[in-house]
Amino acid sequence: MQHPAVPELAHNTTRPIHWLATAAALAAVIAGSSFLQPDPANAAQPSSKPPGKTAAAPAPAPDPATVTYPITCGNVKPVVKTKASGDLDGDGSPETVAVVHCAAGSGTPPDGVYVVTRATGGKPRVVATLVDPKDRQNVSDFAVRAGVITATLHGYSTPDVPSCCPDLKDEAKWQWKDGTFARSTPAGAHSV
């Protein structure tokens, strides 16, 4: 039998006293760290705001599901087909743009596009109608980016064209200018 080159060390075998010493050392480190906290006045970055005042979090975008829309659906309810939010008028609060149509069991009901905002502390409400369902148009490729609302509108050249098969296509773009949502792309439709 060969003897090890290193003699057997006393700390190779743990005993209850070793665990007790480790626990006491760990407790001392934790207790000591509570006394070595940085001074709160020096820990924060300098700010131009008065102490004790924090910036209010921006209000969430209005929920389009809680709004009454100016759309007549008979005995069915309006449905939010899609939505997008962003600060459209530059006031620092987000607005929501909702594409809404009547919940039809079949067919292609026309869409309405509405801008929803929330008055300070108030209930969300419709402030603008960009596309009226009475115009018999459907919306696709809908987006809100950098304060601009874009959509592709699909419409019908005559009332005789079936709802399933729109024969007109128009690119639309709206932006807040001079207190209103101005459509900045030509309104002329072209055939599909």
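View 1. At 6% relative accessibility, Asp 170 counts as buried, where buried means under 20% relative accessible area, exposed over 50% and partly exposed in between (1.4 Å probe, protein chains only). Because Arg 183 lies in strand β8 (residues 180-183) and Asp 170 in strand β7, the pair ties together parts that are 13 residues apart in sequence; strands (E, at least two residues) are DSSP runs, numbered from the N terminus. The model shown is predicted, so local features need pLDDT of at least 70 and side-chain atom pairs count only at pLDDT 80 or more, whereas totals for chains, interfaces and linings use all residues. Residues are numbered from 1 along each chain as its sequence is written, and side-chain values use heavy atoms, with hydrogens and water left out.

**View 2. Asp 111 and Lys 81 in a salt bridge.** The structure holds two salt bridges, and in the one shown here Asp 111 pairs with Lys 81, the closest N and O atoms being 2.7 Å apart. Asp 111 lies in the loop between β2 and β3 and Lys 81 in strand β1 (residues 78-86), so the pair ties together parts that are 30 residues apart in sequence. Asp 111 counts as buried, at 0% relative accessibility, while Lys 81, at 39%, counts as partly exposed.

**View 3. The largest nonpolar core.** This core has 18 residues, and those with the most contacts inside it are Val 97, Val 113, Val 115, Phe 142, Ile 149 and Trp 174; a nonpolar core is a set of buried Ala, Val, Leu, Ile, Met, Phe, Trp, Tyr and Cys residues joined through side-chain atoms within 4.5 Å. At least two residues of this core come from each of β2 (95-102), β3 (112-118), β4 (124-131), β5 (138-145), β6 (148-155) and β7 (168-177). A second, separate core of nine residues includes Val 67, Tyr 69, Cys 73 and Tyr 114.

**View 4. The surroundings of His 154.** His 154 has its place in strand β6, and a polar contact of 2.8 Å joins its side chain to that of Ser 140. A polar contact is a pair of N or O atoms within 3.5 Å; within protein, one must be able to donate a hydrogen and the other to accept it, and residues adjacent in sequence count only if both atoms are side-chain atoms.

Conventions
Helices (H or I, at least four residues) and strands (E, at least two) are DSSP runs, numbered from the N terminus. A salt bridge is a side-chain nitrogen of Lys or Arg within 4 Å of a carboxyl oxygen of Asp or Glu.
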